[in-house]
Amino acid sequence: MGSLDSDFSAGSFLSDKSGKVFVAGHLGLVGSAVHRRLASLGFTDIVVKSRAELDLTRQAAVEEFFSSEKPRYVIVAAAKVGGIHANSTYPADFIACNLQIQTNIIDAALKCGSVKKLLFLGSSCIYPKMAPQPIPESALLSGPLEPTNEWYAVAKIAGIKMCQAYRLQHGLDAISAMPTNLYGPRDNFHPENSHVLPALIRRFHEAKVNDAKEVVVWGTGSPLREFLHVDDLADAVVFLMDRYSGLEHVNVGSGSEVTIKELAELVKEVVGFQGELVWDKTKPDGTPRKLMDSSRLASMGWTPKIPLREGLIETYKWYVENVVKKQ
């Protein structure tokens, strides 16, 4: 399943830098990183559209765009995303918008006749709540999902299955990549619905600015988590577009774990907060361990390059320059 198909020669994406590439979702965390990576590699025909220019939830608009632009390559990084609160408040939006976006793009990619390859990006939340650790690709659909974000997860699972079905029935070279927890420039630092790493950056920065004595973090700090810099993901996306053409989805992780305690201490150091870090052990810890098994991708020859400390320093700098200074 993971082998290259006979009609796709390895290395053909990177040797076709004049080929038109449509990056859907280019303003988001992942899409912006993919856009940067393609530009740095010398791709000369990258097509991007803002939501105002092209509403991906509208089938007719997407079909018209594909028939007029005729892209050769498509990277689907567009999605409606949010934290636990957003998922539980707007479940209809999370399942409907994501199903619409990916269905419209994948179907239009087939119909327009010009698309040579498509890559669909998912999320590690597609896996069952009680999946084995590290989580292999084979864990998909082996048990119940985490209820707090099942609407988003079901849509993403449908995207994987749609890529597989369009490959099997129509011969569309559609592949799927499932990244682990991501961080980096353009992350969401919103105080209510950001993920753990940007939330820690924001809290330590605000504590530093306000000369706070301490920062309180929920739990014991013992849970293990995996983080991947979004520029490493962008590199993996290009690698898979160039080298992989199989039916199965591929996990993309860093392969290294850090405790929440180690993470908080590292963020504290990077931000330069001089106060105390206090753990509120009356609050829940969440899942004890969440790690993706990325051995399939590693066996193809890809490894991440950005160490966590280095990535955090860069992300904090971006936060100060692009979030703090614009408030």
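**A friendly note on this predicted model**

1. Strands β3 (residues 73-76) and β4 (residues 117-121) run side by side in the parallel sense, joined over four bridges. To find this pairing on your screen, look for Val74, which stands opposite Leu118 in β4. Please keep in mind as you read that this is a predicted model.

2. Now widen the view to the sheet. What is the order of its strands? Reading across, it goes β2-β1-β3-β4-β5-β9, so the pair from the first point sits within an open sheet of six strands with parallel pairing. At the edges are β2 (46-47) and β9 (250-252), each of which pairs on one side only.

3. Next, look at what lies against the sheet. Helix α7, made of residues 230-243, packs on it. The strands that α7 touches are β3, β4, β5 (174-179) and β9. The direction of α7 makes about 145 degrees with that of β4.

4. How many helices and strands does the protein chain have? There are ten helices and twelve strands.

5. For 327 residues, a compact globule would have a radius of gyration near 20 Å, and the protein chain agrees because its own value is 20 Å. Along the principal axes, the C-alpha trace spans about 60 × 40 × 40 Å.

6. Finally, the cysteines. How many disulfides does a search of the whole structure find? The count is zero. Cys112 is in no disulfide, and the nearest cysteine sulfur, belonging to Cys163, is 14 Å away. A disulfide would need the two sulfur atoms within 2.5 Å. Is Cys112 buried or exposed? Cys112 counts as buried because its relative accessibility is 13%, and the cut-off for buried is under 20%. Cys163 is buried as well, with a relative accessible area of 1%.

How values were computed: Residues are numbered from 1 along each chain as its sequence is written. This is a predicted model: local features need pLDDT of at least 70, side-chain atom pairs count only at pLDDT 80 or more; totals for chains, interfaces and linings use all residues. Side-chain values use heavy atoms; hydrogens and water are left out. Two strands pair if DSSP finds at least two bridges between them. Helices (H or I, at least four residues) and strands (E, at least two) are DSSP runs, numbered from the N terminus. Contact means heavy atoms within 4.5 Å. Axes are lines fitted to C-alpha atoms, for helices over the stretch in contact, and angles run from 0 to 180 degrees between N-to-C directions. The radius of gyration is taken over C-alpha atoms; the globule rule is 2.2 Å times the number of residues to the power 0.38. Buried means under 20% relative accessible area, exposed over 50%, partly exposed in between (1.4 Å probe, protein chains only).
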